[in-house]
Amino acid sequence: MSRSAPDRLPADPSARRPSGGPHRRPRRAGSVVAAAVAGAVALAGCGGGADGGSSGSTAAASPGPSPAAPAWDVSPASVAAVGDSITTGFDACAVLADCPEVSWATGTDEGVRSLATRLLGASRAASHSWNHAVSGARIAQLPEQMALAAKERPELVTVMIGANDACRDSVELMTPVEDFRHFFEVSLRQLRAAAPKAQVYVSSVPDLKRLWSTGRKNPLGKQIWKLGICRSMLQDADDMGAAAVARREAVRERVVAFNGVLRDVCAKDRHCRYDGDAVFDYRFTGEQLSRWDWFHPGRNGQARLAEIAYRNVTAAGPPA
């Protein structure tokens, strides 16, 4: 998510960027599975007599068929992240600035304990994770990000995108659902062209209406919203008239539709897993929101996103 200002393009989209490294400077901003069919099936052993096969039989039992390779690895050795300002840690450390070190996906902050840190350990995560998310990004920018992620040859790619497609200056400007589907399909094809076996963890888009209902309890937050954050949902935060209520519900319905696309398209890829609406269903409170804008996740919120992702990626199976 981001402010509704014109999107900022990355300064150098071709550069590889290990997440959270000291050489990365926070960028100024522009405008969340389950895993694992993994337990290996033991091969049937050869039969033999007592005392090590003293029955005299010389025929060895035929080995059983080899177990199928697991469709999902619960312990990938590298992680690349794509998405928007949630994954860049926007407004989590300072006002109107990215803070990739607290990113739920690839950050290095000890308090957050990102997905990469939980999977790889802190030292390995620093050199085997990359963050290609861009604040303000919408689904149309995802194919480019996915191409950059594919160059890293990651074993896992995390995706969190779609909030900016619903957070527009007006309801009429929200990304059409079929356009959202098209660009997500293109993004997966872009990844598969260079990294056909990379696993993809797809987070649902957060419930923006829930964030509105939580953040509007803070007077300072409402004043900051007037600067232009997610106008389609947040403008006139205290207006409970019929038009404002309908506008907010239209945004929520579009987010639900986006999540349906993420679920359906991901289901067609054997190496992709959707979070089962885990992020959308999470009941964020004020403790999880940025103290700068009362909309983006703060450190606490980023830590909760990391917990959700790690639980789903390392679970015994996908969410129901």
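The link of Cys93 and Cys99 is left-handed, with -65° about the S-S bond, and it is a disulfide, a term used here for a pair of cysteine sulfur atoms within 2.5 Å. The model is predicted, so that local features need pLDDT of at least 70 and side-chain atom pairs count only at pLDDT 80 or more, while totals for chains, interfaces and linings use all residues. Residues are numbered from 1 along each chain as its sequence is written, and side-chain values use heavy atoms, with hydrogens and water left out.

A search of the whole structure finds three disulfides, and with bonded cysteines counted along the chain they follow the pattern 1-2, 3-4, 5-6.

| Disulfide | S to S | Angle about the S-S bond |
|---|---|---|
| Cys93 to Cys99 | 1.9 Å | -65° |
| Cys167 to Cys230 | 2.0 Å | -80° |
| Cys266 to Cys272 | 2.0 Å | -115° |

Cys93 counts as partly exposed because its relative accessibility is 24%, whereas Cys99, at 1%, counts as buried. Cys266 is buried with a relative accessible area of 1%, and Cys272 counts as buried at 7% relative accessibility.

Both Cys167 and Cys230 are buried. The link of Cys167 and Cys230 is left-handed. This pair links distant parts of the chain, 63 residues apart, with Cys167 in the loop between helix 6 (163-166) and helix 7 (177-194) and Cys230 in the loop between helix 9 (219-225) and helix 10 (231-234). Helices (H or I, at least four residues) and strands (E, at least two) are DSSP runs, numbered from the N terminus.

Turning to the sheet, five strands form an open sheet in the order 2-1-3-4-5 with parallel pairing, where two strands pair if DSSP finds at least two bridges between them. Strand 2 (129-131) and strand 5 (272-274) stand at the edges, and each has a single partner strand, so one side of each is left without a neighbour in the sheet.

Strand 1 (residues 79-83) and strand 3 (residues 156-160) pair in the parallel sense over five bridges, and Val82 has Val159 in strand 3 as its bridge partner. Helix 5 (residues 142-151) packs on the sheet and touches strand 1 and strand 3, its direction making about 170° with that of strand 1. Contact here means heavy atoms within 4.5 Å, and axes are lines fitted to C-alpha atoms, for helices over the stretch in contact, with angles running from 0 to 180 degrees between N-to-C directions.

Technical notes
Buried < 20%, exposed > 50% of the residue type's maximum accessible area, 1.4 Å probe, protein only.
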